Amino acid sequence: MPVKVELDSFSGHKIYPSKGRLFVRGDSKIFRFGKPKHESLFHQRKNPRDISWTQVYRRQHRKGILEGAAKKKSRKTVKHQRGITGASLAEIAARRQQAPAERQKQREEAIAKAKAEKKAKESKKAKETKPARAGGAAGAPKQSKQGMKGVGTGGKAGR
């Protein structure tokens, strides 16, 4: 018949039957301690992660693990070239092969073309005149709605 072995709540060591002590906290959580030292450190609120002989510390700092299990093979990332929006991989490679002077020339041409388009658009916009407002004369000063109603001009009319 197998023996029921408990684990120490502080150190993580095995506790065999009839050994150790049991501590039940106010919230009914059960703690088992194999040795008085473990119990004492628990009640002093020591953190088992900071004490080098506890199982938690050893696991956290990778102590006592076999060499084969400890080292995992790391994969090297493989770089792939992909096209980006608006340019395929072939176009990108072709631009890389171009001489810097040729690339500069293409850039200047593109800038000049964009400026010409912008100028044409602005001249077209200037030709189209905005229709005059239906409400009043073009030269008359603007008047607010309250000004039109006559509010605020004289006396205690609105009170």
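1. Buried, in this note, means under 20% relative accessible area. Keep in mind that what we have here is a predicted model. With that cut-off, S11 counts as buried because its relative accessibility is 0%.

2. Where does S11 sit? You'll find S11 in the loop between β1 (6-7) and β2 (14-15). A polar atom of the S11 side chain lies 3.2 Å from the backbone nitrogen of H13. If you skip the neighbours within four places in sequence, S11 touches H38, W53, T54, Q55 and V56. So that's a loop residue with 0% relative accessibility and contacts to residues such as W53 and T54.

3. On to the hairpin. β3 (residues 21-24) runs antiparallel to β4, and the two pair over 4 bridges. Within that pairing, V24 has I30 of β4 as its bridge partner. There are 5 residues between the two strands, and one turn residue to look at is S28, with a positive phi of about 70°.

4. Last, the surface. V3, V5 and Y16 make a nonpolar patch of about 270 Å². V3 comes in the segment before β1, and its relative accessible area of 53% makes V3 exposed, since the cut-off for exposed is over 50%.

Technical notes:
Residues numbered from 1 in each chain as written. Predicted model: local features only at pLDDT ≥ 70, side-chain atom pairs only at ≥ 80, totals over all residues. Heavy atoms only, no water. Pairing = 2+ DSSP bridges. Buried < 20%, exposed > 50% of the residue type's maximum accessible area, 1.4 Å probe, protein only. Polar contact = N/O pair within 3.5 Å; in protein donor to acceptor, adjacent residues only side chain to side chain. Contact = heavy atoms within 4.5 Å. Patch = residues over 30% accessible without salt bridge, like charges linked within 9 Å, V, L, I, M, F, W, Y side chains within 5 Å. Areas by Shrake-Rupley, 256 points an atom, 1.4 Å probe, with all protein chains shown as cover. Salt bridge = Lys/Arg side-chain N within 4 Å of Asp/Glu carboxyl O.
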